[in-house]
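User: I'd like a close look at one part, the strand pairing. Start there, then move on to whatever surrounds it, and spell out your cut-offs as you go.

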Amino acid sequence: MISVKSLHKRYGKLDVLKGIDCEIEASEVVCVIGPSGSGKSTFLRCLNLLEPITSGTVIINGHDLSNPKINTVLVRKDVGMVFQQFNLFPHMKVLENIMIAPIKVGKKSKAVTKEKALELLAKVGLSDKADSYPSALSGGEQQRVAIARALAMDPTVMLFDEPTSALDPETVGDVLAVMKRLADEGMTMVVVSHEMGFAREVADRVIFMDQGLIVEAGSPAEIFDHPTQDRTKAFLSRVS
Amino acid sequence: MGDYLQYLLPLAKGAGMTAILCIIAGVAGSVIGLGIGLARASSIGVVRWISAIYTNLLRGIPLLIILLFTFFALPLLIPGAIFSTMVSGAIGLTLFVSAYIAEVVRGSIESVPRGQFEAADALGMGYFLKFRYVIVPQAMRVMVPPWVGILLAMIKDSSLVSVIGFVDLTQAGKIVGTTTMQPLLAFVVVGAIYFFICYPLGRFGRWYEKRLSVSLGLPEAPVLVPATTDLLPASTDLLS
């Protein structure tokens, strides 16, 4: 589903990603952990071309992201993203936030989209908020709407960039529950997160990144309980 | 005092000419300013650069000089052309206003958080969809107060067209003043007419700004962007 070979990303003179190799299967849930500055968010953002690729190949569900002629709209219809800061559109009601992209980008009919949007809202547990503005919602609620908004485009892959890092501890659980449900339904997910509990419970694979490279990767049990690399051990001891 | 009432007619005609000139320059200047402003905020370097030359040039030259230029110099570029005072006045005023509006538009677009652009991108929205549905609606709230300020200043600055001989309200006032040999009375009346045009427009601007804040579900915007208001004539402070 996702094939990353020798991915390099450079900003001016700074090498942020120094050669990432990664294969992610369909329905796999991969958690990316690591210290800040390790490049994990940059890696994620390369997967939907929010960051252009400097060199290497990235193929997602048949889209070749390293091809300069790639149609970014097609890629982004297929790859959904959830941001740390939610980024809901404040001038639109919750339902409109979810509906705008399928209608304007996906060119779907309003009626069909509305039905789907209401279903998705129900799925994330926020049916009663359909006519509210984002400013009236708590952080956790906004993030759940953001997840619904991304899902409305029917993506085959969902990217999560530290989805719970900006949330109060009480609401983190609500959002993780939605993500877990998504994982159980077979969505391919790449999650950059500090939530080790989530990674342990839901992830099929955990990748530890540091300084632009993948240091170690394996099952949650392998990484959390039996890390082989010193840097991995050092990081885990600092965050646990 | 009664004999002077007949002079209200030429003053009214002058006011009418000022109104026509200001409507033309206001509308054309806003449309051009919006376009140049979007260009100023473009991700394409060349587009930004060329539009920057436009705005910096027109904001760095006094309106009086621009008007003299459009009246005397511009027709030389088109062989055999003579511009009427109305046409030169309209062109000069439009160009002047468009440059200030462009910078306000640029500032308002840059005030929209980066995350909004990214969320729109991630949903597959192209440039037009992104700006039309996400960015510009949010930029509007920030744009409106300084934009109204520029238009109000323009109404007052339009008095300069009297210098190229256009019979606007100010020029009518001069003529009436010399004809009646009561310049003070004439200019008090002229000043009052300008005030009664500008004050309601200022109030309208405040109302429109409040309305925009409500529809966004956001609190009122704070007084804003010193960099752009620096360059406006001090007279706009009165009405903010």
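Analyst: Let's start with the open sheet in chain A that has four strands in the order 2-1-4-5, paired antiparallel. Its edges are strand 2 (14-24) and strand 5 (63-64) of chain A; each has a single partner strand, so one side of each is left without a neighbour in the sheet. Two strands pair here if DSSP finds at least two bridges between them, and the elements themselves are DSSP runs numbered from the N terminus: helices are H or I with at least four residues, strands are E with at least two.

Quick ground rules: this is a predicted model, where local features need pLDDT of at least 70 and side-chain atom pairs count only at pLDDT 80 or more, while totals for chains, interfaces and linings use all residues. Residues are numbered from 1 along each chain as its sequence is written, chains are lettered from A and ligands numbered from 1 in the order written, and side-chain values use heavy atoms, with hydrogens and water left out.

Back to that sheet: strand 1 (residues 2-11) of chain A runs antiparallel to strand 2 of chain A, with eight bridges joining them. Ser3(A), for one, sits opposite Glu23(A) in strand 2 of chain A.

Chain A also has an open sheet of six strands, ordered 6-7-8-3-9-10, with mixed pairing. Strand 6 (79-82) and strand 10 (213-218) of chain A are the edge strands, each pairing on one side only. On average, neighbouring strands of this sheet are turned by 20° against each other, direction ignored; axes are lines fitted to C-alpha atoms, for helices over the stretch in contact, and angles run from 0 to 180 degrees between N-to-C directions. Strand 9 (residues 205-210) and strand 10 of chain A pair antiparallel over five bridges, and Phe208(A) faces Glu216(A) in strand 10 of chain A.

Helix 5 of chain A packs on this sheet, touching strand 6 and strand 7 (157-161) of chain A, and its direction makes about 170° with that of strand 6 of chain A. Helix 9 (residues 230-239) of chain A packs on the sheet too, touching strand 3 (29-33), strand 9 and strand 10 of chain A, at about 100° to the direction of strand 9 of chain A. Contact means heavy atoms within 4.5 Å.

Buried means under 20% relative accessible area, exposed over 50%, and partly exposed in between (1.4 Å probe, protein chains only). The buried set includes Leu95(A), Asn97(A) and Ile98(A).

Now for the charges. There are 17 salt bridges over all chains, each a side-chain nitrogen of Lys or Arg within 4 Å of a carboxyl oxygen of Asp or Glu. Arg205(A) pairs with Glu28(A), with the closest N and O atoms 2.9 Å apart. Arg205(A) lies in strand 9 of chain A and Glu28(A) in the loop between strand 2 and strand 3 of chain A, so the pair ties together parts 177 residues apart in sequence. Both Arg205(A) and Glu28(A) are buried. Elsewhere, Glu185(A) meets Arg181(A) at 3.6 Å, N to O; Glu185(A) is partly exposed at 46% relative accessibility, and Arg181(A) is partly exposed at 41%. Finally, Lys9(A), Arg45(A), Glu51(A) and Glu118(B) are linked in a network of salt bridges.
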